[in-house]
2 protein chains.
Amino acid sequence: MRASNTDALFRTLADSTRRQILDLLAERGCLSVGQLAAEFPDLVASGISKHLMGLRGAGLVSASRHGRKQIYRLEADTLVADLTPWLAKYERYWFAALERLRDLAEESTGTDRPTSRKNVRRTRSR
Amino acid sequence: MRASNTDALFRTLADSTRRQILDLLAERGCLSVGQLAAEFPDLVASGISKHLMGLRGAGLVSASRHGRKQIYRLEADTLVADLTPWLAKYERYWFAALERLRDLAEESTGTDRPTSRKNVRRTRSR
DNA sequence: CCAATATATTACCGTCTAGTAATACGTTAC
DNA sequence: GTAACGTATTACTAGACGGTAATATATTGG
């Protein structure tokens, strides 16, 4: 059972509490442990602290002391940099999905002739 | 400890064997359990079978019998569809990463005047 | 200094998980 | 039919994980 970097990244993300912490930091900027813990009434503060340690270990957040508070912030660069190599392997599927989205948008907004039959050719419209 | 859909997705992806299976199916198309198992000399065939059940449970692969062989194939649509909502939350960071990539490309290829004020911000040059 | 606050660490628990071996099941070959 | 094959399932084990409570460490206020 090798523990690759990607393993650790996905395992870190495979917990809704940790993902919510990332979401909160992304939405509201830097937050202290207490502020974060206040968002999880069902969890004890030390539990949040442990999750933050896990996120720090993965490099997804970083912390700096301010007085007796520890202020955490999202390390979005790490998130992107660590996830990109794996996502890139499925590049063509993402392109395909984007094209389908575009086709759907064209269809609904009518930027393309709505009378045309559905999507005979999905990979290029004129 | 809620077990959301996203939880299950990330947990399924948080195993290098399962990710390798997905990679193999993406590269080489449809494969039988035996063909897949042959790629993992350190694992027993039934272990691969169990991983495939997990992947099926997540909808990331599907199977069809051909004689006594079970042929598995990648369900890339599910992968993209299930991962997109979460990725979309960090949309702006992906854009930022793409821009940095573009800036880097411009800089190295010189498609833009290196002296231009294009990238006054964001990239500290020397 | 002392008390209160804010966070981290430790010990412990129940649960989940990846792995194996053994077994069962369905299919083809003889 | 029977044996061999391909895959799935079960039972089991060791280790990891999420959670709590209790304790420890550091910092501020009085």
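User: Which helices and strands each supply at least two residues of the surface near DNA strand C?

Analyst: Keep in mind that this is a predicted model. Both chains take part here: chain B brings in one helix, α4 (45–57). From chain A come α3 (33–38), α4 and β3.

User: Which residue of chain B puts a polar side-chain atom 2.4 Å from a phosphate oxygen of DNA strand C?

Analyst: Val44(B) also sits by a phosphate oxygen, but with a backbone N or O atom, at 3.1 Å. Gln70(A) does use a polar side-chain atom, at 3.3 Å, but belongs to chain A. The one at 2.4 Å is His51(B).

User: What is the bridge partner of Arg65(A) in β3(A)?

Analyst: The sheet is open and antiparallel, in the order β1-β3-β2. β2(A) and β3(A), residues 69–74, are joined by six bridges. Arg65(A) has as its partner in β3(A) Gln70(A).

User: What kind of axis relates chain B to chain A?

Analyst: Chain B can be laid on chain A with an RMSD of 0.1 Å, using a turn of 180 degrees and a shift of 0.0 Å along the axis. That is the relation of a two-fold axis.

Methods. Residues are numbered from 1 along each chain as its sequence is written. Chains are lettered from A and ligands numbered from 1 in the order in which they are written. This is a predicted model: local features need pLDDT of at least 70, side-chain atom pairs count only at pLDDT 80 or more; totals for chains, interfaces and linings use all residues. Side-chain values use heavy atoms; hydrogens and water are left out. Copies are superposed by least squares on the C-alpha atoms of residues with pLDDT of at least 70 in both. Two strands pair if DSSP finds at least two bridges between them. Helices (H or I, at least four residues) and strands (E, at least two) are DSSP runs, numbered from the N terminus. A polar contact is a pair of N or O atoms within 3.5 Å; within protein, one must be able to donate a hydrogen and the other to accept it, and residues adjacent in sequence count only if both atoms are side-chain atoms.
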